[in-house]
Amino acid sequence: MKKSILSLLVLFMFFFSCKTTKDAPQPQPQPQEKPESEEVVEEIPEEIEAPATPEEDEVKWDPNTPKNIEEFRAAWVATVANINWPSKPGLSTSAQQQEALELLDFLEEHNFNAVVFQVRPQADALYDSEIEPWSYYLTGEQGKAPDPYYDPLKFWINAAHERGLELHVWLNPYRAHHTTGKEISEKSVIKTNPGLVVELENGMWWMDPAQKGTQDRSSAVVMDIVKRYDVDGIHFDDYFYPYDSYNNGKDFPDDKSWRAYQAAGGELSRGDWRRESVNVFIKRIYEEIKAEKPHVKFGLSPFGIWRPGYPESVQGYDQYDKLYADAKLWLNEGWIDYYTPQLYWKISQLGQSFPELLGWWQSENTKQRHLWPGMNVGGEGDEMHITEVINQIMITRGMLPQSKGAVHWSIGPLLKNKELAKAIKEGPYRKKTLVPPSPWLDNTPPEIPNVTVNENLDKIEMTWGVENDEDIHKWVLYFKYETGNWDYKILNSEKRSQDLQKEVGEKKTKLQKIGVTAVDRTGNQSEFIEIKVN
């Protein structure tokens, strides 16, 4: 009976109308936060011209494959407070690497295709940086390198790519010191650039987003990573101006930069001035990434509610007014490649319904970027919890069929709740998928592979290749037996051959058709050419 009621509720919420209206009354529920994530701006930084991309109305390349096998499946790996990795500060290099491989092996085995890995939790680095000090969460001492030395980010990138996973680096652009970060070292931005930071009443320190020095520093960090590392994406979460609870409800202490702005003739209200500082920075980061490496995706995971009353029945935290994050604007303008609003509420939750909010965000996706919502997989691991997570995945597929996907907060509950992980793998994630392509970044298909087919006893041997394989990152082998549907295998770029049984099952069903496509860095597949086997 409970399952029937839940199913009806899911269908009802799935078709719920998402209509934008004026603000609802002030929110009651508190935000469901992730438990971790000198000079004043006098002029807007010069815009950096990004390389030409396909026109907005250009038709997405269609490889004419026999089935759609695209879905983004990612999990966050948090390093702040050692939430997910490493398990504690100061582990040996070998122990850190072993823990990392266990996490990545889990994602590969459970048919994920991406990982969002936190590398800058508090103006520090889990990689070799000349801009910021080594992270306390890595070695137990800020500024201390791993011993024996290795570069964790390079290790994670190589291991992820070997397993067919994209790696997106997750950075906090403004947080200078977390309460779990122990003592503030002499290498911290708090000591080296004290004019950029302010102290909050909960013990955290924050860089002032309105200051040019803050924006320049965070931009330099992002671009240093983009230039030196083979990352697939750059990712920011919901921490812009800090949650007001961090300062005991008091206003953000930026009087100095606010007075300087007014003295320079600034006419915006204080709230609009703060939002404009963040807007300028977000647009700048997107343009700088595209100018350097157009294939590197820029993703954002803002708080799941833009403003209470949008859509009309939604209540909750007002990020526009509290975090000074105009997250709707960034999506409307297409300053991102994928958007992951943190929809950490249940399907049936009145005031913060998962499908209702997802529908509203999609209605604001005017540039048709990827909308891959953030899902909370934490819970008791019981049947009701498992059903909720599975239903959210299925609702997302139904509402966003052109670019399916989700990011799970976080990898920790997936590891802890083995029945949940098993249900996801045996259910919606039972087959591997490709990351959906981004036609605004690259709409040109790769070369069609040359395929050779030979019979060898009870097997069909296939080999393939292309003349120029520099941009080939995966292959897809499609195959169909006489009485069945098309099936497929996703193979890493090093693979150049595959055997299939000529006949399967008790009825000796014969292999009938095959085809091989090449997949490039941005997810485009080459044109599918069907080959008859008999």
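Trainee: What covers the buried residues of helix 4?
Mentor: The cover includes strand 1 (72-77), helix 2 (93-109), strand 2 (114-120), helix 3 (136-139), strand 3 (166-171) and helix 6 (212-228). Helices (H or I, at least four residues) and strands (E, at least two) are DSSP runs, numbered from the N terminus. Bear in mind that this is a predicted model: local features need pLDDT of at least 70, side-chain atom pairs count only at pLDDT 80 or more, and totals for chains, interfaces and linings use all residues. Residues are numbered from 1 along each chain as its sequence is written, and side-chain values use heavy atoms, with hydrogens and water left out.

Trainee: OK, and which residues of helix 4 are the buried ones?
Mentor: In helix 4 (residues 152-162) they are Pro 152, Leu 153, Trp 156, Ile 157, Ala 159 and Ala 160. Buried means under 20% relative accessible area, exposed means over 50%, and partly exposed is in between (1.4 Å probe, protein chains only). An α-helix has 3.6 residues a turn, so residues three or four places apart point the same way.

Trainee: What happens at the start of helix 4?
Mentor: A side-chain oxygen of Asp 151 reaches to within 3.1 Å of the backbone nitrogen of Leu 153 there. After helix 4 comes Gly 164, with a positive phi near 75°.

Trainee: Let's go to helix 2. What does Gln 97 touch?
Mentor: Gln 97, which lies in helix 2, touches Tyr 150 and Phe 155, not counting residues up to four places away in sequence. Contact here means heavy atoms within 4.5 Å. Gln 97 is also 9.8 Å from Ala 159, C-alpha to C-alpha, though the two are 62 residues apart in sequence.

Trainee: Strand 2 next. Is Arg 120 buried or exposed?
Mentor: Arg 120, in strand 2, counts as buried because its relative accessibility is 1%.

Trainee: What does the side chain of Arg 120 make a polar contact with?
Mentor: With the side chain of Glu 132, at 2.7 Å. A polar contact is a pair of N or O atoms within 3.5 Å; within protein, one must be able to donate a hydrogen and the other to accept it, and residues adjacent in sequence count only if both atoms are side-chain atoms. The Arg 120 side chain also reaches the backbone oxygen of Asn 172, at 3.1 Å. Leaving out residues up to four places away in sequence, Arg 120 touches several others, including Trp 170, Met 207, Arg 217 and Val 221.

Trainee: And Gln 118, what does its side chain reach?
Mentor: The backbone nitrogen of Val 80, at 3.0 Å. A polar atom of the Gln 118 side chain also lies 2.8 Å from the backbone nitrogen of Thr 79. Gln 118 is in strand 2 too, and it is buried, with a relative accessible area of 0%.

Trainee: Where does Met 204 lie?
Mentor: In the loop between strand 5 (197-199) and strand 6 (205-207). Met 204 is buried, at 5% relative accessible area. Leaving aside neighbours within four places in sequence, its contacts include Arg 175, His 177, His 178 and Tyr 246.

Trainee: Changing topic: at what angle do helix 12 and helix 14 pack?
Mentor: Helix 12 (residues 383-399) and helix 14 (residues 418-426) pack at about 35°, with their axes 10 Å apart. Axes are lines fitted to C-alpha atoms, for helices over the stretch in contact, and angles run from 0 to 180 degrees between N-to-C directions.

Trainee: Which residues meet there?
Mentor: From helix 12, His 385, Ile 386, Val 389, Ile 390 and Ile 393; from helix 14, Glu 419, Leu 420, Ala 423 and Ile 424. By class, that contact has 7 nonpolar, 1 polar and 1 charged residues. Ala, Val, Leu, Ile, Met, Phe, Trp, Tyr, Cys and Pro count as nonpolar, Asp, Glu, Lys and Arg as charged, and the others, Gly among them, as polar.

Trainee: Last one: in what order do the 3 strands of the open sheet come?
Mentor: The order is 13-14-17, with antiparallel pairing. Strand 13 (450-456) and strand 17 (497-501) are the edges, each pairing on one side only. Two strands pair if DSSP finds at least two bridges between them. Strand 14 (residues 459-465) and strand 17 pair over 5 bridges.

Trainee: What stands opposite Met 462?
Mentor: Gln 498 in strand 17. Gln 498 and Leu 500 form the covered face of strand 17, while Ser 497, Asp 499 and Gln 501 form the uncovered one.
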